[in-house]
Amino acid sequence: MGRSGLICAFLLAVCCCSRRAAGVPGEAEQPEPELVEVEVGHTALLKCGLSHAQGNLSHVDWFSVHKEKRMLIFRVRQGQGQSEPGEYHNRLSLQDKGTTLVLTGITPHDDRIFTCQGKRRAQEHRIRLRVYKAPEEPSIQVNTLGISVNSKEPVEVATCVGRNGYPVPQVTWYKNGQSLKEEKNRVHIQSSQTEESSGLFTLRSVLQAQVSKEDKDAQFYCELSYRLPSGNHMKESKEVTVPVFYPAERVWLEVEPEGMLKEGDRVEIRCLADGNPQPHFSIIKQNLNTREMEEERTDDNGVLVLDPAQKEHSGRYECQGLDLETTTSLQSDQQELVVNYVSDVRVSPAAPESQEGSSLTLNCEAESNQDLQFQWLREKTGKLLAKGQVLQLHSLKREEGGGYRCLASVPSVPGLNRSQLVNVAIFGPPWMASREKKMWVKENSELNLSCEASGHPRPSIVWSVHGTASEQDQEPQNVLSVLNVLVTPELLETGAECVASNSLGRNTTIIFLELDSNRTTNLSTSTISPPARANGTSTEKKLTEPESKGVVIVAVTVCVLVLALLGAVLYFFYKKGKLPCGRSGKQEITLPPSRKSEFVVEVKSDKLPEEMGLLQGSSGDKRAPGDQGEKYIDLRH
């Protein structure tokens, strides 16, 4: 280029600079548009801010600008507005005397620039409408297949999805509350968005990372950050944990329940390791005879169940397994399992017998791996009789026969005990509860008669009447016989006799049968005497029928009325002065002197001699045997 060309270029540059400095009309930079923010579905108010037309916007055109393309959407002529055909038809209206354009039903497609232009086309006002929509709650999907710590590259941990937001929200990943950043070969975050037909966006973010054994319990979650007209906001997903696979470094054996074990417990033995996944284990036990380790049979979960545990289950156990991740052989330390027991409880003599009035000694023994405590209990009542291995019974009575239980327990192991029952037999003839019994029955009905006897040797029972008999063993020396009979007139007349006998004697109980129809009639006229006890004793038997209560009430009422009447009569004579007793001072009957010493009053009584005892003086002196109940009152003195 010559000198002349350089001069031309210089002059051209100077001209351009001077033209910009002079402010050539139409080529000055446009001012920033007015910002209006609104949420999707709300209404936007677009105010025309032409400076020269305040209060007089009779001629205004509204345009939308999208992708640098202007499109007329609304006209204002003489204060009247008219919407142009297109996407904004029926969504625009005027407000504030035509100074404000109202846009309803905001959508993401309305995020653009709007301009209002006056009659002079060189003058216009630009408005930037920004649209916002909060995304839905973020969802997170964890990698359920898990991640190995031996992976050399980042592997997918979880995927976060935020739907229907506008504009696209920002995503941040967290582990245990600490945000994660991109880190070469360690952490990689890959995000993408999809625009829906509605104009809203769906964000998808994938977190990839390398993990270590310490991440086995790590909590991962994602956070979406977005803006609304009210300010900045955020939403968090739930926390998830990704399965982390790592080799085992330690193996051990676990026994449940913990603490002291006893026979009868349900015991579970399992193998555990600090690796993930858990290796497959075998549980082996040392044979006490050969000292060799033998594999035990486990369930599908690899657990050895001892139910119920026995003393034979005691011994040394250990776990053996193979880590499939590293093909490393695994073995635990041996653990001693002790099942505490009590066994072979024995009482001697095994079948004790004794004469009434003599003494008897019972001895109890048992085996256990712990110290034992012995107790003797009465089987019938559960009463504690003695502590220790020996029970002494002195001056035995018939009723002391029966069951005695020796209880052997281990105080250091709660609930561990065993017992042995022994029956003491006292020689004697049959013993029965009563000689006689009465039963109320209905004629032609079936009835069960029962008879119980005890003795040693064990008695047998026979009945005097025909029927279906069955026996029930109560104790080795007791027997209960039940006879099913039909109530006939003959049976009502004769009753039934139950006879119990053994080699030392016999005893009888008679059962009298009475018809129910006679019960009410007989109650007021007959006296019920208590049945005689067998074996020379008797026991008073109280009336238990409801009718007996009525008889007692009637008798008491009659007695009260008789006493009241007698009291009234005595009171009447007392007031009339007919009774001298109890009155103060002395009274004397006045008679002629010649007859005063001869007058005697004779009082006779119809009372029997034994009833006349009620008339004795307070001194309680008895009358002579010849006294026939007559009372003489000497009134001569």
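**View 1. K175 and D215 meet through their side chains in a salt bridge (3.2 Å, N to O).** A salt bridge here is a side-chain nitrogen of Lys or Arg within 4 Å of a carboxyl oxygen of Asp or Glu. K175 sits in strand β13 (residues 170–175) and D215 in the loop between β16 (201–209) and β17 (220–228), so the pair ties together parts that are 40 residues apart in sequence. Helices (H or I, at least four residues) and strands (E, at least two) are DSSP runs, numbered from the N terminus. K175 is partly exposed, at 27% relative accessible area. D215 is buried, at 8%. Buried means under 20% relative accessible area, exposed over 50%, and partly exposed in between (1.4 Å probe, protein chains only). This is a predicted model: local features need pLDDT of at least 70, side-chain atom pairs count only at pLDDT 80 or more, and totals for chains, interfaces and linings use all residues. Residues are numbered from 1 along each chain as its sequence is written, and side-chain values use heavy atoms, with hydrogens and water left out.

**View 2. R316 and E336 form a salt bridge.** Their closest N and O atoms are 3.7 Å apart. The pair links distant parts of the chain, 20 residues apart. R316 belongs to strand β26 (residues 315–323), E336 to strand β28 (residues 335–337). R316 is partly exposed, with a relative accessible area of 38%. E336 is also partly exposed, at 45%.

**View 3. A salt bridge joins the side chains of E84 and R75 (2.8 Å, N to O).** E84 is buried, at 18% relative accessible area. R75 is partly exposed, at 30%. The structure holds 22 salt bridges. Elsewhere, a network of salt bridges links E254, E256, R266, E268, R270 and D307.

**View 4. W62, L103 and L129 touch the most other members of the largest nonpolar core, which has 24 residues.** A nonpolar core is a set of buried Ala, Val, Leu, Ile, Met, Phe, Trp, Tyr and Cys residues joined through side-chain atoms within 4.5 Å. At least two residues of this core come from each of β1 (34–39), β2 (44–47), β3 (59–66), β4 (69–77), β7 (100–103), β8 (112–117) and β9 (124–132). Domain 1 (34–132) and domain 2 (139–245) each give the core at least three residues. Domain bounds come from an automatic or database domain assignment. Apart from this core lies another, of 22 residues, including A366, F374, W376 and C406.

**View 5. W62 is in contact with L46, K47, C48, M71, L72, I73, F74, V76, L101, T115, C116 and I127.** Neighbours within four places in sequence are left aside. Contact means heavy atoms within 4.5 Å.

**View 6. E87 lies in the loop between β5 (80–83) and β6 (92–95).** E87 is partly exposed, at 41% relative accessibility. E87 touches M71 and R112, not counting residues up to four places away in sequence. E87 and H109 are 22 residues apart in sequence. Their C-alpha atoms are 9.9 Å apart in space.

**View 7. L565, V569, F572 and F573 form a nonpolar surface patch.** Together they have about 380 Å² of accessible area, from the Shrake-Rupley method with a 1.4 Å probe; for residues, only the protein chains shown count as cover. Patches are made of residues with over 30% relative accessible area and no salt bridge; like charges are joined within 9 Å, nonpolar side chains (Val, Leu, Ile, Met, Phe, Trp, Tyr) within 5 Å. F573 lies in helix α4 (residues 546–576). At 37% relative accessibility, F573 is partly exposed.
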